[in-house]
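Hi,

Here is the structure I promised to pass on.

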Amino acid sequence: MVTDSQASVPEQLLVADSVRVQRGKRVLLDEINVEVSPNELVGLIGPNGAGKSTLLSTLAGLNTPDAGCVLLKNKPIDDYTPSQRAQQLGWMEQLSAAHWPVSVRHLVMLGRIPYLSRWQSPSDKDHELVHDIMKATDCLTLQDQSVTTLSGGELTRVMLARTLASEPSVLLADEPTAALDIGHQLQTMDLLRAFCTYDRACVVVLHDLSLAARYCDRIYLLNDSHMIASGVPMAVLNTDNIRSVYGVEISVQNGEIPSLVPLRRTQ
Amino acid sequence: MRVSTIPFLHIVLGLAVITLAALSMSVGAESIDVLTSISRIFSDSNDVGAVIMREVRLPRTLIAIIAGATLGLCGAAMQGLLRNPLASPGLVGSASGAALGAVTILYFGAGVFHPQSVPVAGMLGSLLATAIVYLLAGRDSNVTTLILAGVAVNAMATAGMSLLLNFAPSPFAVRELVLWTLGDLSDRSLSDVWMMLPCTLIGWCLLIGVGRQLDALTLGERTAQSLGIHHGRLRWRVFIAVSLAVGASVATTGMIGFIGLVVPHLLRPFVGYEPRRLLWVSALGGSAMLLAADIGVRLIPTPTAMKVGVLTSIVGAPFFLHLILRSRRDGYR
């Protein structure tokens, strides 16, 4: 019984092993190791241009690393067919938008594409699932609206619902809280937190250090295509690390809800 | 609620195509009513009416249906692929490449001795132009690069045609070449229909089943890729389909502008802006529009017969302008 459950839920859902990514001569990621376990909400932080988005899309199997490999449930990610991969990994693009003013329901249903064969229409089960997901993400009232009429917060929720509709094991979200007000930031993070139960996990790129400290189980700190530190939030987000990576003095208030306030630039 | 509108739209457009086809069979210098005309196609009689039906109006009507469907379908596919309502088969050079190929054959007079060489040259020209656009734009490049490459190849094709016109041996040859590029459905025979049909059908078949992938592209290339869509393969497939189908059509009819642009755009709101549902609806719409335009040029009293490509351009160009102005105002990409 025990061995059964161990087999069905691998210890590591997603692993990046010594990953190196290059564009021409420029090194975007070097010697990166990441491990994502079930139940975890993992934060990816670092200054602009550190390589966070590149790392996230590499984890999603959208970039092929020039060295090292990405393992999804202990199997190289290239061994999966694109549809199999898409059923396991949900990727939420930064500031993603729809190119046609389709309805919200249709957009969320696009998340079912990895499960449909070429000629198959979405079944009643697909419709039920999409309905439930829209309910959970608070999109139900929007379902007949055109996606181009949505506000930033609504659009993020709809895009999250679209990603969840693929029923991924690992959700990879690139700055889902960017351009959201504080209320919608908390709502989005609560939804991500709620996703990371049982055998599922989430990797999220964040700029807000307080949000990262508050919600994440573990944090990876990237700078200049290298991994600087990783571990539990308050261990990574210490004043020394932040000063050396961002060049900013911060004040850290530990407590039930941690807060990190930038004070001044050091350079 | 919206689900039921698709078959309904198909039925309406299908009926429109049938009605217009019947009208197209009965309109002309010799007025023959629809029912007798249709019965005469299948009769063995050799009276004037039956011959007109079989040799003149039937090919003309069939070509309008096939070419119109091709333009509408390929327009919808290109717009879905490039996620741009201003895209059309002409944009990636398929149409002008085909025209250059066909005009080259006409120029050297081979068309007289080997009539089938014209559509073949058209298709080759179309494939070549599309391949050049594709190579110029690169495998993973963005939509803007692709459009710029299309503009460049279109310019080259136009330059080639100008060169041929410049060196045309006689004013009659110039006239023939120019008239050919205008786009016309008259004086076509059933053998023209058989000539264009194989390649257009292959093109259509290649576009069967791309609908869902085009739907996924609504979310952008990267997200579509994350949903398991192989974007490079999809792009190749649509490009080859469009150049085969449009190449064969243009080689038979000459350049008929704006149908591939206008039809998908008009029908898009009725299918909830979903690229997949737009594809085959646009094929029907394209047929209906080209049939209507071709009936129009026969009914509009002009000193010499007006070419159908001229009519679609006269109506289409202002519409295109309106589209640009509106897309600027709405600001959707």
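Which helices of chain A do the buried residues of helix 5 of chain A pack against? Before I get to that, some ground rules. This is a predicted model, in which local features need pLDDT of at least 70 and side-chain atom pairs count only at pLDDT 80 or more, while totals for chains, interfaces and linings use all residues. Residues are numbered from 1 along each chain as its sequence is written, and chains are lettered from A and ligands numbered from 1 in the order in which they are written.

Back to the question. The buried residues of helix 5 of chain A pack against helix 4 (104–109) and helix 6 (152–164) of chain A. Helices here are DSSP runs of H or I with at least four residues, strands are runs of E with at least two, and both are numbered from the N terminus. "Buried" applies to a residue with 20 or more other C-beta atoms within 10 Å of its own, "exposed" to one with 12 or fewer, and "partly exposed" to anything in between, with C-beta atoms placed from the backbone.

Helix 5 itself covers residues 124–136 of chain A, 13 residues, and spans 18 Å from its first C-alpha to its last, close to the 18 Å expected at 1.5 Å a residue (the expected span is 1.5 Å times one less than the number of residues). Its buried residues include Leu129(A), Val130(A), Ile133(A) and Met134(A). Looking down the axis of helix 5 of chain A, the buried residues fall within an arc of 135°, so they line one face of the helix (the arc is that of the directions from the helix axis to the C-beta atoms). On the face turned away from that buried side you'll find the exposed residues Asp124(A), Lys125(A) and Glu128(A). Just after the helix, Asp138(A) has a positive phi of about 65°.

Helix 2 (residues 52–59) of chain A is mostly covered, with 6 of its 8 residues buried. Those are Lys52(A), Thr54(A), Leu55(A), Leu56(A), Thr58(A) and Leu59(A). Gly61(A) follows this helix and has a positive phi, near 80°.

On to the core. A nonpolar core is a set of buried Ala, Val, Leu, Ile, Met, Phe, Trp, Tyr and Cys residues joined through C-beta atoms within 7 Å. The largest one has 176 residues, and Val158(A) is among those that touch the most other members, along with Val108(A), Leu172(A), Cys202(A) and Ala77(B). Helix 3 (residues 48–82) of chain B gives this core its largest share, 17 residues. Leaving aside neighbours within four places in sequence, the contacts of Val158(A) include Val104(A), Leu107(A) and Val108(A) (a contact means C-beta atoms, placed from the backbone, within 7 Å).

Next, Tyr220(A), which is in strand 9 (residues 218–223) of chain A. Is Tyr220(A) buried or exposed? With 26 C-beta neighbours inside 10 Å, Tyr220(A) counts as buried. Tyr220(A) and Val42(A) are 178 residues apart in sequence, yet 7.6 Å apart in space, C-alpha to C-alpha.

Most residues other than glycine have a negative phi. Tyr198(A), however, has a positive phi near 50°, and sits in the loop between helix 7 (182–195) and strand 8 (201–205) of chain A. Tyr198(A) has 9 C-beta neighbours inside 10 Å, so it counts as exposed. Asp224(A) also has a positive phi, near 50°, and lies in the loop between strand 9 and strand 10 (226–231) of chain A. Asp224(A) counts as partly exposed, with 13 C-beta neighbours inside 10 Å.

Finally, the two chains touch, with 21 residues from chain B and 22 residues from chain A in the contact. Helix 11 (221–226) of chain B is one of the helices supplying at least two residues to chain B's side, and gives the most, with 4 residues.

Cheers
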